[in-house]
Amino acid sequence: VVTVGSDHPDAKPVFDVFAADLLRATRALASGEDLAGNPLLGAPPSFCAGAVVNPGAADLDAELRRMEQKIEAGAAFFQTQAVYDPPAFARFARRVESFRVPVLAGIILLKSERMAAWMNEKVPGITVPEALVRRIAAAADARAECVAIATETIAAVRDLCRGVHLMALGWETLVPAVVERIGPR
């Protein structure tokens, strides 16, 4: 968000800058210039810029083209949308192997059938397979099932990526159980 009186008065709070544009901006700042090309005062900032990628995109070719654009713009690593379909992630991983950038698989702890349905309906790029939704609905212990699903998913994708980004979304107390069940690589 740009404040009133800045040198970018037409900036909008959302969707004014595409990811590749933002990556180019971080590269400019790191080289000592602002977005208008003016020199920065003092030492330039240092960034490790990353970007998001959707391994389950309906049009994976288009998603991979956007990923390449982000790499060209300066993305040093990628974090995926939440992964719930390891075979789809494996297909994605094979396709991006030649890009030679680290990919972290996104893992969101599923709290309930309702949360899974909400994500399917409201969060673009995330698909929780119906089999997982039914499994959560049938579980006697939602927390234990959440840990089981997360650890099974991580086990299935861990050799296909450089790591995972575990998003607990309020269930941070379950993170140690997930990490313990996964164990060392």
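Visitor: Which strands does helix 2 lie across, and at about what angle does it run to strand 1?

Guide: Helix 2 lies across strand 1, strand 2 (77-82) and strand 3, and runs at about 180 degrees to strand 1. Helices (H or I, at least four residues) and strands (E, at least two) are DSSP runs, numbered from the N terminus. Axes are lines fitted to C-alpha atoms, for helices over the stretch in contact (heavy atoms within 4.5 Å), and angles run from 0 to 180 degrees between N-to-C directions. The model is predicted: local features need pLDDT of at least 70, side-chain atom pairs count only at pLDDT 80 or more, and totals for chains, interfaces and linings use all residues. Residues are numbered from 1 along each chain as its sequence is written, and side-chain values use heavy atoms, leaving out hydrogens and water.

Visitor: What makes strand 3 and strand 4 a pair?

Guide: Two strands pair if DSSP finds at least two bridges between them; strand 3 and strand 4 have five, in the parallel sense, and therefore meet the definition. Isoleucine 107 has leucine 166 of strand 4 as its bridge partner.

Visitor: Why is one side of strand 1 and of strand 4 left without a neighbour in the sheet?

Guide: The open sheet has four strands in the order 1-2-3-4, with parallel pairing. Strand 1 and strand 4 (163-167) stand at its edges with a single partner strand each, so one side of each has no neighbour there. From one strand to the next, the twist averages 30 degrees.
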